[in-house]
Amino acid sequence: MERADIIIVGAGHGGAQAAIALRQQGFTGSIMMIGRDNEPPYERPPLSKEYLARDKPFERIYIRPPQFWEERDVTLRLGNIVTAVDPQAHTAKLSDGTQIGYGKLIWAAGGDPRRLSCTGADLNGIHAVRDRADVDQMMAELDGGAKRVAVIGGGYIGLEAAAVLTKLGCKVTLLEALPRVLARVAGENLSQFYQQQHTAHGVDLRTEAMVDKLEGENGWVRRIVLADGSSVECDMVVVGIGIVPAVGPLIAAGAAGANGIDVDEHCRTSLEDIYAIGDCAAHANPFADGAVIRLESVQNANDMATTAARDIMGEPVPYNALPWFWSNQYDLKLQTAGLSLGHDATVLRGDPADGKFSVIYLKDGRVIALDCVNSTKDYVQGRKLVEARVSPDPAALADPEIALKELV
């Protein structure tokens, strides 16, 4: 039976960073990274942005050049998934039937796109945005004449896809079931701003739009029927309604977890010698007042990978990283620091009409997060407000003439 000192399950940002961090910290044992894609590790955020827009070729979104992994003696088992784990025997079973022994295992499998469950969800022309194959298929259909695109979901993936598809000349309809876009992650000021921006760019944006079913012709999607009886004609559908953590084998093996896999401050699961990191790891986050959450971000995946590597190397440092995110839509760069969950007040800094402003989120008077649109200085300085857990005067926060660094 094959064996690796460390098996890394998942070849995305978290898996790649875990291998990098282990080698940087002097680990000399064998490392095997198992990934479902047929490509070496690559960045995911550009898929719905620069890659779909054809502004950046695929070769430029590799996390490291393909030869890097061989040079660092990291074995890549691509086009495979782990279907079962035996924590007692320290073995993992792959989809090709192979069994591989391990000393320690890092689960970085991320999540699978949440699929539609309504009638017609199995028609051709319905896409998620998870990997290169998804986007390549979308581009092929666009090249084949698809022009009317319906985007289901008003989160970041949906909005970014809508922006790029509009740029590519498509007629885009965006359907959000909730009363506003970004409802789960941002305040009303930001939601209203992005709704106005997308509408101004020609997107037919509809909120409180519940999908009832999809209808097709010759096996291809051609229409979305909404709960109110109205319909949207389309040649293609892009679905961005969240992910389902890819944790089945670990749960089956007895790992603790409900929404993802539960991990401690060092990313250790309840199973001996098994760690979980990234999108699928449920952890008590200090920037969410200790609430157990999952974070779906590159920052979280990378920082958790480093945390797990340090623990494996016998130099444990608790995970305590400030969450941050970004989104590019049209000529708007959104940068977010902290978590706005549970905020009880907001401060608007600047004027959205100028296309440059920040929304600052407060809880009990303390700054817990910022959304900064084309305001990099606010983002950089505002991070320190969140980290310092300060409670500045709201009037000072709202005054663009007062630098945020003066309020730390």
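Buried means under 20% relative accessible area, exposed means over 50%, and partly exposed is what lies in between, with a 1.4 Å probe and protein chains only. This is a predicted model, in which local features need pLDDT of at least 70 and side-chain atom pairs count only at pLDDT 80 or more, while totals for chains, interfaces and linings use all residues. Residues are numbered from 1 along each chain as its sequence is written, and side-chain values use heavy atoms, with hydrogens and water left out.

**Exercise 1. Work out how many disulfides the structure holds, and look into Cys-267.**

Step 1: A disulfide is a pair of cysteine sulfur atoms within 2.5 Å.

Step 2: check Cys-267. Its closest cysteine sulfur sits in Cys-280, 10 Å away, so that's too far for a bond.

Step 3: take the total, which is zero disulfides.

Step 4: see where the cysteines sit. Cys-267 is buried at 1% relative accessible area, and Cys-372 is buried too, at 0%.

**Exercise 2. Find out which strands pair with S2, and whether its residues are buried or exposed.**

Step 1: know your elements. Helices (H or I, at least four residues) and strands (E, at least two) are DSSP runs, numbered from the N terminus. Two strands pair if DSSP finds at least two bridges between them.

Step 2: look on the S1 side. Strand S1 (residues 2–9) runs parallel to S2, and four bridges join them. Here Ile-6 stands opposite Ile-31 of S2.

Step 3: follow the chain. From S1 it goes through helix H1 (residues 13–24) to S2, a right-handed β-α-β crossover (with the strands pointing away from the viewer, the path from the first strand over the helix to the second runs clockwise).

Step 4: turn to strand S3 (residues 74–78). S2 and S3 are parallel as well, with five bridges between them, and Ile-31 stands opposite Val-74 in S3.

Step 5: check the cover. In S2 (residues 31–35), five of the five residues are buried. One side carries Ile-31, Met-33 and Gly-35, the other Met-32 and Ile-34, and both faces are covered.

**Exercise 3. Count the salt bridges and describe the one between Lys-104 and Asp-273.**

Step 1: apply the cut-off. A salt bridge is a side-chain nitrogen of Lys or Arg within 4 Å of a carboxyl oxygen of Asp or Glu. That rule gives 24 salt bridges.

Step 2: zoom in on the pair. The closest N and O atoms of Lys-104 and Asp-273 are 2.8 Å apart. Lys-104 belongs to strand S6 (residues 99–107) and Asp-273 to the loop between strand S17 (261–262) and strand S18 (274–276), so the pair ties together parts 169 residues apart in sequence.

Step 3: Lys-104 is partly exposed at 25% relative accessibility, and Asp-273 is partly exposed at 22%.

**Exercise 4. Describe the salt bridge between Asp-289 and Arg-366, then look at other bridged residues.**

Step 1: take the distance. For Asp-289 and Arg-366, the closest N and O atoms are 3.2 Å apart. Asp-289 lies in the loop between strand S19 (281–284) and strand S20 (292–293), and Arg-366 in strand S25 (residues 366–373), so parts 77 residues apart in sequence are tied together.

Step 2: Asp-289 is partly exposed at 47%, whereas Arg-366 counts as buried at 19%.

Step 3: finish with the network. Salt bridges link Lys-213, Glu-215, Glu-217, Arg-223 and Glu-233.
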